Amino acid sequence: MALFQKLFKQTFIYGVATVVPRMLSFLLLPLYSAYLPTEGFGEVAIVFSWMAVFNVLLAYGMETSFFRFFHQEKFSKEVTATSAISLIGSTVI
């Protein structure tokens, strides 16, 4: 039963992280329409689209591999150092 509780808890956390930005976009639409010029809508949509693409590209599945190898005792320090260096390096580039 504890396994299901953990699954639902993690699903809820990831679900909230997905839903909240979309809900904020929806709630901010009247503000956008009131204060942005007409061409501003396209620019905001393009910025959000690029943010979604870069979020996927910059993380490149690192969290999955990090958690997979971090819990092995002999690799924990190497995994932390390698993942930090690669994510910081790719972000700077």
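Begin by selecting N55, which lies in helix 2, where helices are DSSP runs of H or I of at least four residues, numbered from the N terminus. This is a predicted model, in which local features need pLDDT of at least 70 and side-chain atom pairs count only at pLDDT 80 or more, while totals for chains, interfaces and linings use all residues. Residues are numbered from 1 along each chain as its sequence is written, and side-chain values use heavy atoms, with hydrogens and water left out.

N55 counts as exposed because its relative accessibility is 56%, and exposed means over 50% (1.4 Å probe, protein chains only).

Next, select helix 1, whose 34 residues should span 50 Å at 1.5 Å a residue, which agrees with the 49 Å between its end C-alpha atoms; the expected span is 1.5 Å times one less than the number of residues. Stop at L28, where helix 1 bends by about 45° and a proline, P30, follows within four residues; the bend is the angle between axes fitted to the seven residues ending there and the seven starting there.

Now select residues 12-32, a span that is 100% helix and 0% strand, with end C-alpha atoms 29 Å apart. The unreviewed UniProt entry annotates residues 12-32 and 44-62 as "transmembrane region", although such annotations may be inferred rather than shown by experiment.

Finally, select P21, R22, F48, M51 and A52, which lie nearest the centre of the largest pocket among its 14 lining residues. Helix 1 gives the most to this lining, with eight residues.

Key
Helix = DSSP H or I, 4+ residues; strand = E, 2+ residues; numbered from the N terminus. 1 Å grid on protein atoms, 1.4 Å probe; cavity = no way out; pocket = protein on both sides within 12 Å on 5 of 7 lines; lining within 4 Å. Buried < 20%, exposed > 50% of the residue type's maximum accessible area, 1.4 Å probe, protein only.
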